[in-house]
Amino acid sequence: MGWGLRSVYALAAVSLIATGARADTIKVGVIGTMSGPYALFGKNYKMGIDAWVAEHGNKVAGHTVEFVYRDEVSPNPAQSKALAQELIVKEKVQYLAGLYFTPNAMAVAPLLQEAKVPMVVMNAATSSITEKSPYIVRTSFTMFQNTVPAAKVAKQKGATKVAIAVSDYGPGIDAETAFKKTFEAEGGKVVEAVRMPLSTTDFGPIMQRIKNSGADMIFTFLPAGPPTLGFVKAYIDNGLKAGGVKLMSTGDVVTEPDLPNIGEAGLGILSTYHYAVSHDSPENKAFLALLQKGGAKLDEVTMTSVAAYDGARLIYKMIEATSGKSDPDKAIAAVKGMKWVSPRGEVSIDPETRHITQNVYLREVEKVDGKLINRELETFKAQPDWGLAKQ
Amino acid sequence: MRTVFGILPDALAYGMVLFTISIGLSIMMGLMRVVNLAHGAFAMIGGYLASFALVSLGVSYPVAILIAVIGAVIISVPFEFLLYRRIYRKSDELTQILLTIGITFFIVGVANYIFGPTSKPIPLPELLKGPFDLGVRMIPTHRLFVIGCGVVTAVALWLLIEKTEFGVRLRAAVDNGDMAEALGIRTQIVYSATFALAVGLAAFGGVVGAELLPVEPFYALRYMVTFLVVVSVGGAGSVSGALAASLLLGLADTTGKYLAPEFGEFFFYVAVIVIVYIFPHGLFGRAH
């Protein structure tokens with residue numbers, strides 16, 4: 001190799017290193033359900049993040065933040081893990097976010113420590129997820145968090161014999177456990193517990209089983225999406241509603257975009273949840289206005305937009321705290337104990353569990369100005385994740 | 001007894017949905033010897049058309065069914081003219097499978113592109129909404145309608161194939177195409193008409209069965225196995241076989257879901273294995 005050529009190589013190497021140091025774009029990989037039956041919730045991730053960026057710009061501590069989206073479609077852990085790997089290795093993302101389904105989030109968790117990448121979970125709701133890696137924070141909710149108040153309300157409303165019907169996977173089993181434990185501690189009785197496969201589309205037989213069990217209330221959880229509509233319809237059409245069996249659920253079963261399809265027959269369904277689009281606060285009004293400005297339709301807003309909006313807030317904070325460098329320990333330490341007023345009310349990040357502490361509301365489906373909404377009736381203040389919290 | 005009455009009406013309704021959709025496939029496979037894996041896709045097209053007609057055009061439920069059936073048949077014409085015509089009877093099964101699975105993916109992609117990835121509602125008319133009191137239990141009114149549709153379809157098809165001129169021509173064209181041709185039966189027309197009939201039945205089933213098998217872009221792939229199973233259990237080409245298979249499998253599936261919902265479709269497939277073991281050619285099938 002001649003002297004000239006060698007100096008060219010050296011020059012090239014120097015310039016490469018230089019561009020490496022100057023790289024000032026920080027990438028955030030978002031894995032969400034961008035297509036398939038759950039696409040609405042992935043769209044809400046994007047709506048929420050876009051709203052945050054519209055409000056606060058895309059520059060943090062002198063660095064440009066770029067969100068890169070990947071599509072997880074369905075509960076498919078292997079695929080989500082591959083997506084996360086691709087984002088880390090090829091796209092060189094400094095943060096991961098999103099994850100709609102628990103099994104998918106669980107599959108990504110082992111990568112975080114090795115790759116030194118913090119992850120903000122924006123939906124997946126099994127309690128144990130944050131235990132899988134010290135680099136996980138969650139801005140959504142957990143089943144325990146929403147279900148413990150549901151069981152208390154059930155008892156207050158006079159239910160004595162409850163049938164539980166949940167989807168047969170992590171969050172469903174969490175919901176069942178949380179409800180059973182709380183409800184029995186309050187002195188109630190669980191007379192039936194059905195675990196429904198995620199692929200169930202025909203809920204008729206399950207309704208018959210519940211009916212025959214003599215329960216006076218059903219508690220249910222299914223992941224927000226198409227099957228919830230089928231479940232509520234089966235509840236009504238099999239005469240359980242007419243027969244006086246009450247329906248109590250987490251808010252997943254009555255997300256706002258589904259309410260028009262459930263129709264007036266859904267009036268009076270009770271649920272406990274951390275966010276209703278109708279939540280009456282100046283922060284929520286401003287948030288919804290931001291979403292609409294970004295081209296979102298109000299009828300399509302779900303809880304994942306709020307989780308994504310607050311998730312983006314955490315990511316900005318982490319970038320600020322580390323001045324854009326990759327330092328996951330410092331980043332996570334910066335958001336522990338963080339407090340702010342979210343569109344859903346006052347929230348904070350529990351420094352122990354790295355899960356969001358927030359209000360849970362009891363809501364009832366009501367018709368206001370010709371539109372079905374979840375009207376908040378009662379507030380359970382500052383609920384921790386009852387699944388992880390030391391009680 | 002309460003358990004039996006709890007299960008039977010649901011089993012009957014589910015069985016009838018399976019029958020209404022699968023019978024078209026059974027006719028194609030049994031009489032025309034075409035393994036049409038795109039059958040579920042045509043049922044899906046029917047569902048989408050009905051949903052679009054009801055939600056966006058605001059027509060009534062019966063009109064929406066008509067639009068779905070006629071629309072699906074019209075959409076299937078170019079497929080029939082350009083592709084299916086080449087694979088009636090003579091082609092080998094691998095070619096048929098590759099071609100029709102290709103068509104399925106094509107339709108799934110187009111449906112996803114036009115209608116988006118979410119499942120589509122097919123709102124029911126007031127008459128079919130809500131519960132109906134059978135005395136022993138309440139049942140969704142819509143399920144009674146589905147059962148009625150299944151019975152009417154079965155009777156009409158049996159009459160058509162066994163008792164009419166068209167049925168005679170069809171069976172002649174199938175049993176010995178060249179001879180039928182020589183006798184002045186225009187087999188190509190008979191085949192095309194049968195194909196249209198199969199597509200129309202699929203679309204009809206797709207619409208009336210949408211409460212049990214919701215319409216979404218992966219419908220065509222998700223339920224195709226179920227429809228194929230019904231045909232293989234019943235014996236291809238036999239109306240009574242398809243009916244018996246649908247009801248039996250509907251019963252197995254619904255009973256399983258009632259007694260042990262956490263097992264999912266386990267009992268459905270156990271039933272399939274048992275039946276196919278005892279009747280290798282299907283319940284009413286003929287050995288070829």
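**Exercise 1. Confidence**

Task: State what confidence the predictor gives the complex, and find which element of chain A has the lowest mean pLDDT.

Solution: 
- Start with the complex. The predictor gives an ipTM of 0.78 and a pTM of 0.81.
- Take chain A. Its pLDDT averages 88, and 93% of the residues score at least 70.
- Take chain B. Its average pLDDT is 88, with 98% of the residues at 70 or above.
- Go down to the elements of chain A. Helix 1 (residues 3-22) has the lowest mean pLDDT, 52. Strand 5 (residues 119-121) has the highest, 96.
- Residues 15-22 of chain A have a pLDDT below 50. Beyond near neighbours in sequence, this stretch makes zero contacts in the model.
- Where pLDDT is low, predicted coordinates should not be read in detail.

**Exercise 2. Fold content and overall dimensions**

Task: Count the helices and strands of chain A and of chain B. Then test the radius of gyration of chain A and of chain B against the globule rule.

Solution: 
- Chain A holds twelve helices and 15 strands.
- Chain B holds twelve helices and two strands. Its order along the sequence is α-α-α-α-β-β-α-α-α-α-α-α-α-α.
- The C-alpha atoms of chain A fill roughly 90 × 40 × 40 Å. Those of chain B fill roughly 60 × 50 × 35 Å.

**Exercise 3. The interface**

Task: Describe the contact between chain B and chain A by residues, area and polar pairs.

Solution: 
- Count residues. In chain B, 27 residues are in contact with 25 residues of chain A.
- Get the area. About 2300 Å² is buried between the two chains, and carbon and sulfur atoms give 54% of it.
- Find the main contributors in chain B. B:K257, B:Y258 and B:P261 lose the most area to chain A, together 23% of what that side buries.
- Count polar links. Seven residue pairs are in polar contact across the interface, both residues at pLDDT 80 or more.
- Locate the elements. Helix 1 (2-31), strand 2 (138-140) and helix 11 (239-259) of chain B each supply at least two residues of the side that touches chain A.
- Sort that side by class. The residues are 13 nonpolar, seven polar and seven charged.

**Exercise 4. Salt bridges**

Task: Give the number of salt bridges over all chains and the number between chain B and chain A, with an example from the interface and one from chain A.

Solution: 
- Over all chains the count is 23.
- Between chain B and chain A the count is two.
- Take the interface example. The side chains of B:R143 and A:D202 form a salt bridge at 2.8 Å, N to O.
- Take the example in chain A. The side chains of A:E86 and A:R70 pair at 2.8 Å, N to O.
- A:E86 sits in helix 3 (residues 77-89) and A:R70 in strand 3 (residues 63-71) of chain A. They are 16 residues apart, so the pair links distant parts of the chain.

Key:
Residues numbered from 1 in each chain as written. Chains lettered and ligands numbered in written order. Heavy atoms only, no water. Contact = heavy atoms within 4.5 Å. Buried area = accessible area lost by both parts, 1.4 Å probe. Salt bridge = Lys/Arg side-chain N within 4 Å of Asp/Glu carboxyl O. Polar contact = N/O pair within 3.5 Å; in protein donor to acceptor, adjacent residues only side chain to side chain. Helix = DSSP H or I, 4+ residues; strand = E, 2+ residues; numbered from the N terminus. Nonpolar A, V, L, I, M, F, W, Y, C, P; charged D, E, K, R; others polar. pLDDT = per-residue confidence, 0-100. Rg over C-alpha atoms; globule rule 2.2 N^0.38 Å.
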